[in-house]
Amino acid sequence: MKQTVISHFLLHKFTSLCLATMIALLASCQSRSQTITYVKEEVMIPMRDGVKLFTRIYIPQNVKEPVPILLMRSPYSSWNMGTVPPDEDPYVRDMAKEGYIFVYQNIRGKQRSEGKFVMQRPVIANRVADTVDESTDTYDTIEWLLKHVKNNNGKVGQLGISYPGWLALVSSGYPHPALKAVSPQAEMGDLFLGDDFHHNGAFRLSYGFEYSFEEEAAKGDTSFPFPQYDLYDWYLRLGPLSNVNEQYFHHRIPTWDAFVQHPDYDSFWQHQSPLSYIDTPRIPTLHVGGFWDQEDINGPQLMYSHMEKYDVHHDNFICLGPWYHGQWVNEDVEQIGNYHMGSNTAAYFQQQIQKAWFDYWLKGKGNGHFPEAIVFQTGSNQWKTYDTWPPRNAIHRQLFIQANGQLSFHKPQTQDSLAFDAYISDPRHPVPYRSRPIEKTYSPHSRWRTWLTEDQRFVDHRPDVATWETPPLDSNLTVTGDIVAHLFASTTGTDADWVVKLIDVYPDLDSLHPTMSGYELMVASEVFRGRFRKSFTQPEPIQPGKVEAYVVDLHQINHVFRKGHRLMVQIQSTWFPVIDRNPQRYVPNIFEAKENDFQTATQRIYRNARYATYVDLPVMKE
């Protein structure tokens, strides 16, 4: 009898398991049958002036209700142009699984779109009648999509990276009523003060040369035909910038001609700057940037800070991660160069930040309680949230250069006017900005993307690089916010560039990261062209031998200098060929300098009680 009861019990248990398995299989099959798939359409959308723009649309199938539109606009053939279906693209795949209409459009004059391309076309249409710009083209595109793409819910979001990020920013300034949220990512900011073409007035030679040719030599993307792999010597043999048009471009590249014609921060650059046409955030805006962005490190930080001044409705937000330019689009991002992040930071961003942002504003999902700032902390490899950015509770400490190559948080007390460190800067033998070979910017094997994390030991012991460092730290030091160098310097020339780098030096023997032993990780850096020390609009020569004050913003970081590590500061006057060679003899327009204008100069960096060079560090309490 007992055996019979047990048999019935086992039979019942087995039958229940079979039913559960069958139900699970049926649910799985039903789920697969309801999987959202996408159908692609390619159309030419007319603008108000009759110009038609090539647009690629991915329409979801098997959706039960209307869904929002996600728009990306781009000058490029592939970058942010939907060459991979959205459900296969890591950047937006998580959103695609739940249903969005994805729209990718080439801007005027690029790829298959009609019209004339103008680099960072000035936004004037809302002030000048009968004109068009990127904001009007976006408005017209959204208007067309709402009328012609079925099953949309009447809400549009826009995102993009780099140039497409700037396009999203422009749209937010003059938004269509259906545009409910944007995310400008690695957006171009002011192109004279920072980002692609200039940093503090210093011209970004290799990038400016190669990018302007790529975008303007043909309607499609093209590449300058360099005759060699390592371009350090090629750019050096190029000589003065006046040789570019004489030997290669022959006035066929409009952006290069603009560089030549506008060497200072005049109305041309000011009108192009989003600082002139973007103020208050008119719709929810999520800025996204990378701490090691080699192209547009300044744009997200600059525009968030600028718009925050006018943000009365709490619509302005920022996310900063441990990335190079646009790295967060990738499948698995746990490393940049030799630096390991400790987790897949791209997946976290795509799922927990970007998807949550657009799901809320376009679908009403979630609670909408977004932190003001979501910022990855390097050194500790943790995501942090802040109520303000930069956080207000940081304590500013001044890290002073000292004698014998030392750094400390104590101001030098010596009154000796000869308390300085000096080096000779020779523009004919400039310091490489990264270890050679220096490959073409966008060549298949280029290390351009990761150069900001490159080990700085490659310039150790160069006589034209001045170096100072602290003893090993006896506890962690967390630095969060804007890094600003206050430099007191003189030159025997009449112009000079000042490159300042803040470096995290790993222990000589790092048991946690053996391959990083002794590594010199650059966590903040910037260049400043001396002629602009008083004004970017009215440059002036430097008086030889006179001590001048230079304030150099190294941008924002969130970094833990760990116990046993050292802080290092390096200063140099060439950074080639990412920055053009300053002749070190003042000429009104460096783009028109002659070979005999280039001269060596002795640079002095002062460290006495009156002229105390230091780096301002916003330090957080542990």
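Predicted model: local features only at pLDDT ≥ 70, side-chain atom pairs only at ≥ 80, totals over all residues.

Trainee: Which helix supplies the largest share of the lining of the largest pocket?
Mentor: The largest pocket holds about 610 Å³ of space. Its lining counts 29 residues, with Tyr-76, Ser-78, Trp-79, Asn-80 and Arg-449 nearest the centre. They divide into 13 nonpolar, 11 polar and five charged residues. The largest share is three residues, from helix H5 (residues 205-216).

Trainee: How many residues does E22 give to the lining of the second largest pocket?
Mentor: The second largest pocket has about 370 Å³ of space. It is lined by 20 residues, and Asn-200, Asn-298, Leu-302, Asp-553 and His-555 lie nearest its centre. Helix H10 (298-308), E21 and strand E22 (548-561) each supply at least two residues of this lining. E22 gives the most, and its number is seven.

Trainee: Which residue of E24 is the bridge partner of Thr-491?
Mentor: Strand E24 (residues 601-606) pairs with strand E17 (residues 420-425) in the antiparallel sense over six bridges, and there Ser-425 has Ala-601 as its partner. E24 also runs antiparallel to strand E19 (residues 477-491), with three bridges joining the two. In E24, the partner of Thr-491 is Gln-603.

Trainee: Is Arg-108 buried or exposed?
Mentor: Arg-108 forms a salt bridge with Asp-49, the closest N and O atoms being 2.8 Å apart. The pair links distant parts of the chain, 59 residues apart, with Arg-108 in the loop between strand E4 (101-106) and helix H3 (134-148) and Asp-49 in the loop between strand E1 (37-46) and strand E2 (52-61). Asp-49, at 40% relative accessibility, is partly exposed. Buried means under 20%, and Arg-108 has 5% relative accessibility, so Arg-108 counts as buried.

Trainee: How many residues apart are Glu-98 and Lys-365?
Mentor: Glu-98 is partly exposed, with a relative accessible area of 36%, and Lys-365 is partly exposed as well, with 37%. Their side chains meet in a salt bridge of 2.6 Å, N to O. Glu-98 is in the loop between H2 and E4, and Lys-365 is in the loop between H11 and strand E13 (373-377), so the pair links distant parts of the chain. The separation is 267 residues.

Trainee: In which helix is Lys-355, the residue that meets Glu-98 in a salt bridge?
Mentor: The side chains of Lys-355 and Glu-98 meet at 3.1 Å, N to O. Lys-355 has a relative accessible area of 12% and is buried.

Trainee: How many salt bridges does the count come to?
Mentor: Some of the charged residues are linked in a network, namely Lys-40, Glu-42, Arg-56 and Arg-112. The count of salt bridges comes to 30.

Methods:
Residues numbered from 1 in each chain as written. Heavy atoms only, no water. Pairing = 2+ DSSP bridges. Helix = DSSP H or I, 4+ residues; strand = E, 2+ residues; numbered from the N terminus. 1 Å grid on protein atoms, 1.4 Å probe; cavity = no way out; pocket = protein on both sides within 12 Å on 5 of 7 lines; lining within 4 Å. Points joined across faces, edges and corners; volume = space filled by probe spheres on them. Nonpolar A, V, L, I, M, F, W, Y, C, P; charged D, E, K, R; others polar. Salt bridge = Lys/Arg side-chain N within 4 Å of Asp/Glu carboxyl O. Buried < 20%, exposed > 50% of the residue type's maximum accessible area, 1.4 Å probe, protein only.
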